[in-house]
Each structure stands twice: as structure tokens, then as C-alpha cells.
Amino acid sequence: MIRIIIVILYLSQPVMAQTMVMVFLHQNDDKTLVPPAQLSKLINGHKIFMQKLSNEGKLLASGSFEGGGGIFIFKSNSADEVAEWLKPDPGMQSNQWKAEILSYKSRYGNPQAVREPYEMTSYQFIRFTSYIAKFNVNDIPQLMQQHDEYLRQLKKSGNVVAEGIFNDTDGGVLIMKGDLDQKVIESDPAVRAGFLEIEIKKWNTAKGSFGEK
């Protein structure tokens, strides 16, 4: 099985892609166990530190996934720069979490800082990753076109909040509001063909983080 990078997330209207950095915060399976009181202190310190980055204009949007983990979107063109910004984070220093830092090109729904008071809301966060075999290579152009058209139809529903791709890595994300039947995403021709894999999570963030009403 060969893992091939395919950038195939397009919406119906061309949008000037804006480059920034998206960070996935994952639980560290090799973390050192700490007492609950210490963990609570680390989490509080992490929140305070992220608020500091937001106040400095570096952090554009953030939120947690139900079940653990979350994402942060930074106003930067450099993943290395963001990695330096995150070093003082108490959570990073304690090795409780792992940060997956990716260059992100926003194609729709540009992230923007939302100031207090704001309303929290939940979105469906879909991450796409592509996997294909050698014998499927010739099918890629047609499947890309079909996937493109499928996203156009999703956009017409009015439920698409944001969409973007990861530069020089793999795949991208689609963020939608409202309830989502997983079968809707599974019906994507590229997903049905087996070379586009999906991961769907509920994401909690500030309403208006992508300019949506």
C-alpha cells in the first residue's frame, strides 16, 4: 500500500488560499502519570498560555474535540515558528500531549479571532487522508473530479463552515455545522473508492471563528 498525497478539497467558487498553521493536540500514550491535582494545574496553565497567544494576535481559532484532544489555528506561515511558540506551554513541557503541526491553506471560511463575550458552539470536523494502491493510480483524476463535485453539492446545503488543505503533507479538513449523518461523508465517491479515508469528530469552538453567522 502506498500513501500518496492528494490535495482534492475544493468548493464551488475559487478562493484565494491563505496559509497559516494548524496544530492537532493529541493525547500522549507515553505520558507520565501525574496526580489529579497536578494534572488540573497543568490544564489550567495550558489554557492561560493559549489565552496569552490569543492576546498577542498569534492564535486565531481553537477548540476541543469531544473525547479528548483538539486543534489550534495560528497566524503564521511557518510550522517551525509555531513549534517555538508552543515550547513554553506547560502541557508540552510536561509531555502530557503531542502536537501535530501542519502548514494549513484555508480555502473557505478563513479563521479569525473572536473576542469575548462569545458563544460556544459545536461543529462536525472531518479530516481527510488519502491512501491508494499502485493499481488505482489511473483512477485518481476521475475520483478527484467526483470528490470536487460532491463538495460543491455539500456547500449548497449551507452547512459548510470551513475547508482547507495541508501543504506538503496529506489531506485536509472540512468543518460543517448542524447534525451530520456519517453516511453523507461516506457517500463521497472518493471515500467509497477506498483511497480517501475520513475521521469525523465533534469540535467545540467559539461561534464566529470562521466568519460564520
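This is a predicted model: local features need pLDDT of at least 70, side-chain atom pairs count only at pLDDT 80 or more; totals for chains, interfaces and linings use all residues.
Residues are numbered from 1 along each chain as its sequence is written, and side-chain values use heavy atoms, with hydrogens and water left out.

The quantity pLDDT is the predictor's confidence in each residue, on a scale from 0 to 100. Its average over the chain is 85, and 88% of the residues score at least 70. Over residues 1-15, however, pLDDT stays under 50. For that stretch the model has 53 contacts beyond four places in sequence, a contact being heavy atoms within 4.5 Å.

The chain contains six helices and eight strands. Both are DSSP runs numbered from the N terminus: helices are H or I runs of at least four residues, and strands are E runs of at least two. Along the sequence, these elements follow the pattern β-α-β-β-α-α-β-β-α-β-β-α-α-β. Among contacts between residues at least 6 apart in sequence, 80% join residues at least 24 apart. The accessible surface of the chain, computed by the Shrake-Rupley method with a 1.4 Å probe (for residues, only the protein chains shown count as cover), comes to about 11,400 Å². Carbon and sulfur atoms account for 49% of that surface.

The strands can now be taken in turn. Two strands pair if DSSP finds at least two bridges between them. Strand β1, residues 18-27, pairs with strand β4, residues 97-108, in the antiparallel sense over ten bridges.

A residue is buried under 20% relative accessible area, exposed over 50%, and partly exposed in between (1.4 Å probe, protein chains only). Buried residues make up 42% of the 213 residues in the chain. One of the residues in strand β2 (residues 59-65) is S62, which counts as partly exposed because its relative accessibility is 29%. Leaving aside neighbours within four places in sequence, S62 is in contact with I71, F72, W203, N204 and T205. The C-alpha atoms of S62 and V23 are 9.2 Å apart, although the two residues are 39 apart in sequence. L196, in strand β8 (residues 196-206), is buried because its relative accessible area is 4%. Its C-alpha atom is separated by 6.1 Å from that of Y131, 65 residues away along the chain.

A pair of aromatic rings is described by the distance of the centres and the angle of the planes. Rings of Phe, Tyr and Trp (its six-membered ring) pair if their centres lie within 6.5 Å; planes under 30 degrees apart count as stacked, over 60 as edge-to-face and the rest as tilted. A search of the whole structure finds eight such pairs. One of them is the tilted pair of F72 and F74, with 6.4 Å centre to centre and 40° between the planes. F72 counts as buried because its relative accessibility is 9%, and F74 counts as buried because its value is 0%. Ring pairs also link F24, F65, Y104, F125, F166, W203 and F210 into a cluster. R127 lies over the face of F24, at 4.3 Å from the ring centre; a charge sits over a ring if NZ of Lys or CZ of Arg is within 6 Å of the ring centre and within 35 degrees of the ring normal.

Two features of the backbone remain. Most residues other than glycine have a negative phi, and most peptide bonds are trans. N95, in the loop between α3 (90-93) and β4, has a positive phi of about 65° although it is not a glycine. N95 counts as partly exposed because its relative accessibility is 38%. A cis peptide bond, with omega about 0°, joins E116 and P117, and P117 lies in the loop between β4 and β5 (120-130).
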